[in-house]
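Student: Could you take me through one part of this protein closely? I would like to look at its salt bridges, step by step.

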Amino acid sequence: MEFLEDTEVSLKSLKKVLSVADDGETLMKWHVNFRAQIVASLEKLIDEMKHARENIDLTLVAKFLDKLLQNLHNIAKMGVTKWPDLMIKLEDDQGREFGVHRVDLKDIVYLNQKYGGGYLCRKRHGVIFKNSQCRHEETYCGCISGHGDVILWMGGEKEDTEWWPKDWTYSPTSSFNFIESPVKTTFRCTIYLYQAKIEPGLNRSSLYDTFVDIFFSGIHGKSTIHHQSLVPNWNEVVSFENITLNCEGDSYVQNPPILLFKLFHGDKKNDDFLGLGYTIPRVSLKDSPQSKSKLKWIPVVRNGITVAQLLLSVDLEETSKEDGEKLVKVESPVPKVVDVAIEKFHLIFTCFGLRLMDKINKNHSQIFLEFGNSTLSMGSCSRIVGRSCNFIDCVKSCEVYLPEKLSYWPPIVLKHRREKSAKLIGITVISNTQQFFRKNQLWTTHKENSVKLGDLSEKKASKIVNDEKVEGVGLNFAKSFIKSTMSRFLNYGTQVEEDVTKNMDIEQGIPQRRYQQVVKHSREVSIVARIYVVRGINLRSRDVNSDSDAYICIEFGKTKIMDRDNFVKNQVNPYFGRCFEVKGFIPQDHILKVSLRDRDFSECTDDLIGETLIDLEDRMFTKHRAFFGLAEEYNMFGYNMWRYSKTPLKILLDLCEEYNLPEPRFTENSIWIGEREYTDSTRLSLSENLHERLALSVLKQFDQVIEGVQFVPEHVETRYLFRKDRPGITQGKLQLWVEIYESDCIPPAIDISPEVPEKYELRVIVWNTVDVAMKDTTILQTKMSDIYVKW
């Protein structure tokens with residue numbers, strides 16, 4: 001209550017100050033109008049504040065404060081001038097424009113002595129010139145033509161003689177009305193270039209001979225070349241000596257200059273431009289020395305895409321004014337003042353094998369992991385099954401020396417080569433390596449990453465939320481599904497397909513749970529996959545004069561199902577309501593392909609609408625239990641009865657054993673896991689077994705027990721459909737879900753077929769008509785009409 005009163009008093013005080021302010025010699029009328037708009041907005045806020053204090057409701061305080069902040073933000077934005085932007089253009093000696101910089105005039109406008117000017121008015125500052133042909137919406141897209149330093153001012157004629165920068169000489173004969181400043185400052189610019197991480201695929205070999213060109217104040221410097229690497233480690237210092245800059249040193253402290261970095265791949269013939277980045281230095285003057293700047297990652301961008309990052313720092317230090325020769329020096333290594341502290345870490349690398357391999361490369365394949373100063377190889381002993389390869393020696397470990405600060409860690413590079421061959425088959429880079437760091441503490445896990453040599457599909461998972469469940473034997477699924485979709489879909493954030501790459505706590509040797517994963521992946525598993533295809537959304541038509549007659553095609557291993565007889569005629573949003581069951585073996589049959597085709601005269605002429613690929617091996621072995629959705633509530637009977645072979649309590653006991661957790665303890669109305677208590681979250685099925693309901697409540701919030709382990713709930717996925725001849729262009733969406741079982745425990749399927757149409761007879765009786773318009777005329781000139789009923 002006191003906070004609301006204080007806020008109201010502050011708003012009243014601000015309104016009073018603005019209302020009685022003297023205009024003086026205000027430059028323009030919009031300045032007065034703008035102030036009047038602010039006063040009117042403040043009056044409205046004060047009225048709302050009074051209403052909030054008189055009708056205080058604690059549940060609405062947070063919403064009111066959010067609205068207050070938004071209103072104040074809108075008031076701040078009201079000051080945007082309606083003037084056009086000032087355009088500064090770069091032209092060559094033939095008058096052709098190749099760069100442009102936009103300036104917001106409110107930043108450089110000068111009002112008068114009383115009100116002053118914009119924050120950049122009469123101040124030297126650096127500007128970036130973008131390519132004139134650039135059409136990217138991003139602010140920083142890499143399309144940079146150059147950079148420079150400018151001093152800008154805009155005002156009335158009365159202030160024309162007062163705006164000149166200090167000690168600059170006025171020259172009416174000059175095209176720019178001034179000559180260069182007599183005040184100059186000498187600096188030394190030092191660039192500590194540590195390392196880089198580059199995305200693969202920018203050239204044919206995917207490995208680069210990289211170097212960096214550095215541009216500062218008309219001077220050019222160049223680093224050494226680092227050969228055949230995606231993670232070049234220069235560890236050198238590039239310094240520009242005796243750089244003379246216009247204006248006083250204080251102006252560079254307030255507005256540091258800009259340095260450009262161009263990354264190149266050099267070969268014997270020419271240099272290939274990879275990308276461009278820029279940064280500003282830390283500026284220190286002689287009378288106020290400062291500590292060295294810290295290393296930071298600078299993005300390198302080309303055509304709006306980040307292609308690399310540079311780890312570096314830049315210092316601009318004032319030196320004596322004695323004249324000296326301008327020098328560019330390259331030294332190595334980075335001095336200890338700036339260099340990062342190094343520590344020893346233990347690295348465990350698990351790779352179960354390769355999938356979707358070409359026939360040529362599936363024999364004698366090896367995977368190499370490069371991280372820091374260490375390299376691990378795997379795959380000399382392997383077992384080939386179809387297009388899949390399982391490594392026998394799938395766990396390797398070593399010691400690696402890395403920076404003490406995790407943000408300085410280099411990326412992990414994975415290379416796929418044939419044994420005893422230098423030819424590179426595939427490569428991938430994992431930039432965010434911090435996610436794999438584990439401390440030696442109990443029950444600590446982190447979100448894992450999906451790493452593949454070529455991702456094959458995009459997906460989006462959603463969960464249907466409704467008071468009435470939409471699955472169960474005997475339930476008319478179609479009606480309930482349509483009703484549920486009319487309410488809302490919730491995005492389910494956990495990725496349902498990912499590799500099992502989690503490291504548990506390391507004490508001595510390899511963790512026990514990792515051995516369990518190795519055993520699972522090394523053996524052949526017989527599975528049954530059940531695919532429930534609900535409907536298509538916004539399907540692109542393959543016919544010229546009508547929508548597609550879509551039907552479903554399922555491919556899994558050697559099994560292919562063409563559901564051609566059950567096509568949906570001439571629909572852009574067809575409802576299928578079909579269930580398919582396929583059998584196979586993991587790992588050789590790990591990819592499930594679901595496609596939609598347009599039915600024509602014969603199967604040979606049917607056109608592909610689009611397809612989506614689902615990795616069942618990832619779903620089978622992920623920690624998120626994506627092979628079967630977790631039900632919202634536990635029921636023994638009815639359409640929403642529990643269908644999984646294990647009960648919630650049995651699943652919870654298995655998880656406690658797997659993650660080395662204490663067994664659950666039950667009290668009267670709650671369950672304890674260790675020192676944490678969980679209560680029953682059931683809303684409808686309150687008559688079911690309490691222990692099972694409590695166990696399910698724990699499973700639904702298991703990420704509170706083990707961080708990062710959140711189980712996939714019952715959900716309907718909305719997957720995008722693609723075609724190879726139209727890469728990256730969606731051909732529509734398909735709503736479905738997949739359940740995976742081992743062959744010995746398969747529950748009955750769910751009937752999701754749509755309602756069968758029924759015949760009805762409609763009778764309409766017309767007893768009489770009134771006030772019918774008479775449009776015909778008889779021989780006797782009498783108005784008449786011959787009427788009948790038509791429908």
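Tutor: Let's begin with arginine 693 and aspartate 680, which form a salt bridge in this predicted model. Their closest N and O atoms are 2.6 Å apart. How covered is each partner? Arginine 693 has 9% relative accessibility, so it counts as buried, because buried means under 20%. Aspartate 680 has a relative accessible area of 21%, so this residue is partly exposed.

Now turn to glutamate 241 and arginine 188, whose side chains also meet in a salt bridge, at 3.1 Å from N to O. Here too the pair links distant parts of the chain: glutamate 241 lies in strand E11 (residues 236–246) and arginine 188 in strand E7 (residues 184–198), 53 residues apart. Glutamate 241 counts as buried, since its relative accessibility is 14%. Arginine 188 is partly exposed, with a relative accessible area of 30%.

A further pair is made by glutamate 761 and arginine 763, with side chains that meet in a salt bridge at 2.6 Å, N to O. Is this pair buried or exposed? Glutamate 761 is exposed, and arginine 763 is exposed as well.

Across the model, the count of salt bridges comes to 25.

The chain has 791 residues, and buried ones make up 45% of them. Its secondary structure comes to 9 helices and 41 strands. Among contacts with a separation of 6 or more, 67% are between residues 24 or more positions apart. The accessible surface comes to about 44,200 Å², and 51% of that belongs to carbon and sulfur atoms.

Finally, here is a residue held by another kind of contact. Threonine 433 is in the loop between strand E26 (424–430) and strand E27 (459–464), and it counts as buried because its relative accessibility is 2%. Its side chain reaches the backbone oxygen of proline 410 at 3.2 Å. Leaving aside neighbours within four places in sequence, threonine 433 is in contact with Phe371, Trp409, Pro410, Pro411 and Ile412.

Methods: Residues numbered from 1 in each chain as written. Predicted model: local features only at pLDDT ≥ 70, side-chain atom pairs only at ≥ 80, totals over all residues. Heavy atoms only, no water. Helix = DSSP H or I, 4+ residues; strand = E, 2+ residues; numbered from the N terminus. Buried < 20%, exposed > 50% of the residue type's maximum accessible area, 1.4 Å probe, protein only. Contact = heavy atoms within 4.5 Å. Areas by Shrake-Rupley, 256 points an atom, 1.4 Å probe, with all protein chains shown as cover. Polar contact = N/O pair within 3.5 Å; in protein donor to acceptor, adjacent residues only side chain to side chain. Salt bridge = Lys/Arg side-chain N within 4 Å of Asp/Glu carboxyl O.
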